[in-house]
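Reader: Hi! I'm new to reading protein models, and I'd like a close look at one part of this one. Could you walk me through it slowly?

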Amino acid sequence: IIEENLKTEVRERRLAEKENKQNEQALHELYGISSSIHQDFDTRLERLLILGCQRFGMDIGILSKINGDEYKVVDAVSPDNGLKKGTVFPLAKTFCQITISKEEPISYSYMAESEMQTHPAYAEFKLEAYIGTRIMIDGELYGTLNFSSPAPHDRDFIQREFDFLQLMGEWIGTEILRQRTETKLEQASTVFNNTKDGIVITDADRNIIAVNKAFTTITGYTEEEIIGKNPRFLKSDRHDQTFYKHLWDSISSTGQWQGDIWNRRKNGEIIPVWQNISAAKDGNGNVKNYTSVFSDISSIKQYEEQLKHAAHHDALTGLANRVLFGIHLDHSLQIAKRNKKSFALLFLDLDGFKEVNDSMGHNAGDQLLQCVAQRLENCIRDEDTAARFGGDEFTVILEEVDQATDVEVVAAKLINAISEPVVFGDQSTSVTTSIGISLYPEDGQESEELMHAADSAMFKAKSRGKNNYRLYSRSLEDQVEATP
């Protein structure tokens, strides 16, 4: 029975690891698309649709724009490129009619076994699987982002897939909004006075001669305060002289520069802006004016930081995920080798977690994992690292340990903390943990060796009754059993 349970836990762990890896890779790719500002929107949009098809296991990806009772394909990826840009369908005959009526994403894994089998789109398009979300821009409906397939999906869609779809939709909305703003900036003087982007015009000597209302809103400076001044008073001191030299070299050689830059408001607050500086020249090639157009991209930077965080942290527990854990483990190795220090790696697997999920439901299981994560962090120092490795497995890096007994003290502390009951309303439950321990440099010189050693020791602890820890030894017979 123990052996069968172990096999089941290993199988489930591997499935969870595969899903985590796919999600992490997709988040990395999404962050790469959002950061590729050198590519035009159409190119990045196509990459996004391909990424979505891969992430959701679908054949067709579509960005649509809704106009009245019509559904227009803005861009699409499909087998043999059969679905063309600009194709228009009656909205009533598409699944998007339902999508735009919902605030949250919708999904169908098998249309033939759902209420959708009576929808006109089911007979029209012969699609069996679908996931989609509406796109709102400035509070108004723009259209939908959806993915579909003529074959049923092999499982129900999960929350992290809905979250990923919404992240994609938010990026599209942000990019479309920025494109609209850039187009408006090319219009006449009415746009200059009403655009949400700040505009500064200087003379050939770079002294300010005009600003718009948005400039005042973004920076806090009134026109009277800055007319005649050089815009350098906006500098945040985050950029060195080399940065500004490259900026003006670009303007001198090409007539313009654009990119991210950090400026300072009147109140001292530092803000990121997307800025485009161009030089206007007379018939003889002499500069008459410089025009700077900039927009506050604080929300975009915040979104990018969220993507970075999502790519390196477990969404449920907030702990480091496998990617960030691997980075920390490599860093610990470098520091230990350089300083000739020792550190410990602990591999934890919860005992009885599956039973909690089966008997109390996945919500209780999620709360239990969050509680375990908090207890892990409470038992270690600030310089140590706790990570969710996948499913109900966790890892801990203990920096600069002097001897194995120090690690055993922490392991015992972790076992006692995790075994404490967890209360869910009027119910309570508890789990235990089996811990495997490897030490650098005794048990391995590289990350893979230390992971293998800790994993082997953990399985030994589990096979010896669970709720205990084991120190790794190259000779399993020499391992010392330790039960707190």
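Reader: Let's take strand β5: how many of the residues of β5 are buried, and why?

Author: Happy to. A quick word on the ground rules: this is a predicted model, where local features need pLDDT of at least 70 and side-chain atom pairs count only at pLDDT 80 or more, while totals for chains, interfaces and linings use all residues. Residues are numbered from 1 along each chain as its sequence is written, and side-chain values use heavy atoms, with hydrogens and water left out.

Now your strand. Seven of the nine residues of β5 are buried, so β5 is largely enclosed by the rest of the structure. Buried here means under 20% relative accessible area, with exposed being over 50% and partly exposed in between, using a 1.4 Å probe and protein chains only. And a strand is a DSSP run of E with at least two residues, while a helix is a run of H or I with at least four, both numbered from the N terminus.

So what surrounds it? β5 belongs to an open sheet of six strands, in the order β3-β2-β1-β6-β5-β4, with antiparallel pairing. The edges are β3 (88-90) and β4 (106-108): each has a single partner strand, so one side of each has no neighbour in the sheet. On average, neighbouring strands of this sheet are turned by 25° against each other, ignoring direction. If you're wondering what holds strands side by side, strands of a sheet pair through backbone hydrogen bonds, either parallel or antiparallel.

Look at both flanks of β5. Two strands count as paired if DSSP finds at least two bridges between them. On one flank, β4 and β5 run antiparallel and are joined by three bridges; Ile106 has Gly132 of β5 as its bridge partner. On the other flank, β5 and β6 pair over nine bridges, also in the antiparallel sense. There, Tyr130 sits opposite Ser148 of β6. β5 and β6 form a hairpin with two residues between the strands, and Asp138 in this hairpin takes a positive phi near 55°.

Over at the other end of the sheet, β2 (residues 70-77) pairs with β3 over three bridges, again antiparallel. Lys72 has Val88 in β3 as its bridge partner.

Next, the helix on the sheet. Helix α2 (residues 41-56) packs there, touching β1 (60-67), β2, β5 (129-137) and β6 (140-149), and its direction makes about 85° with that of β2. Contact means heavy atoms within 4.5 Å. Directions come from axes, which are lines fitted to C-alpha atoms, for helices over the stretch in contact, and angles run from 0 to 180 degrees between N-to-C directions.

One last stop is a cysteine, Cys53, which counts as buried at 10% relative accessibility. Is there a disulfide for it, or none? A search of the whole structure finds zero disulfides, a disulfide being a pair of cysteine sulfur atoms within 2.5 Å. Cys53 is in none, and its nearest cysteine sulfur, that of Cys96, is 14 Å away.

So, back to your strand: β5 has seven of its nine residues buried, three bridges joining it to β4, nine bridges to β6, and α2 touching it.
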